Amino acid sequence: MRYRLTFVAGLALGYVLGTRAGRERYEQLKKSARQFAQNPAVRNTAESAAQQGRVFAGKAYHVVSEKVGDRVPESVAGRVRSLRERNANGARPDDWGTSAT
């Protein structure tokens, strides 16, 4: 009960402080986040991380597929093939502006 009371008190305090800050502070934080996300250095780093993640995922896929082999149900294998074909054919930028290639 004590933890619940503490949680509710923290929630109420956060609400009061949030409403005092108001819409202006929210817009200021939103603008700062947008500027950060549009920074070329941040975008390049995100693109590099995404590319490296795709490389590691591809390596992991091959290692797992070698070990699992034919034990994957056909429904799963078909879904993976369709996703690979869709990504190879219709690569489009994601929400962050990075390419899905």
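Mentor: Accessible areas here come from the Shrake-Rupley method with a 1.4 Å probe, and for residues only the protein chains shown count as cover. This is a predicted model, in which local features need pLDDT of at least 70 and side-chain atom pairs count only at pLDDT 80 or more, while totals for chains, interfaces and linings use all residues. Residues are numbered from 1 along each chain as its sequence is written, and side-chain values use heavy atoms, with hydrogens and water left out.

Trainee: What percentage of the residues count as buried?

Mentor: A residue is buried under 20% relative accessible area, exposed over 50%, and partly exposed in between (1.4 Å probe, protein chains only). The protein has 101 residues, and the share of them that counts as buried is 1%.

Trainee: Why is Val-8 called partly exposed, and what is its relative accessible area?

Mentor: Val-8 lies in helix H1, which covers residues 2-37. Together with Phe-7 and Leu-11, Val-8 forms a nonpolar patch on the surface, with about 320 Å² of accessible area together; such a patch joins nonpolar side chains (Val, Leu, Ile, Met, Phe, Trp, Tyr) within 5 Å, from residues with over 30% relative accessible area and no salt bridge. Val-8 is called partly exposed because its relative accessible area is 48%.

Trainee: Which residues meet in a salt bridge?

Mentor: The structure holds one salt bridge, meaning a side-chain nitrogen of Lys or Arg within 4 Å of a carboxyl oxygen of Asp or Glu. Of the two partners, Glu-47 is partly exposed at 23% relative accessible area, and Arg-54 is partly exposed at 30%. The side chains that meet, at 3.6 Å from N to O, are those of Glu-47 and Arg-54.

Methods
Patches are made of residues with over 30% relative accessible area and no salt bridge: like charges are joined within 9 Å, nonpolar side chains (Val, Leu, Ile, Met, Phe, Trp, Tyr) within 5 Å. Helices (H or I, at least four residues) and strands (E, at least two) are DSSP runs, numbered from the N terminus.
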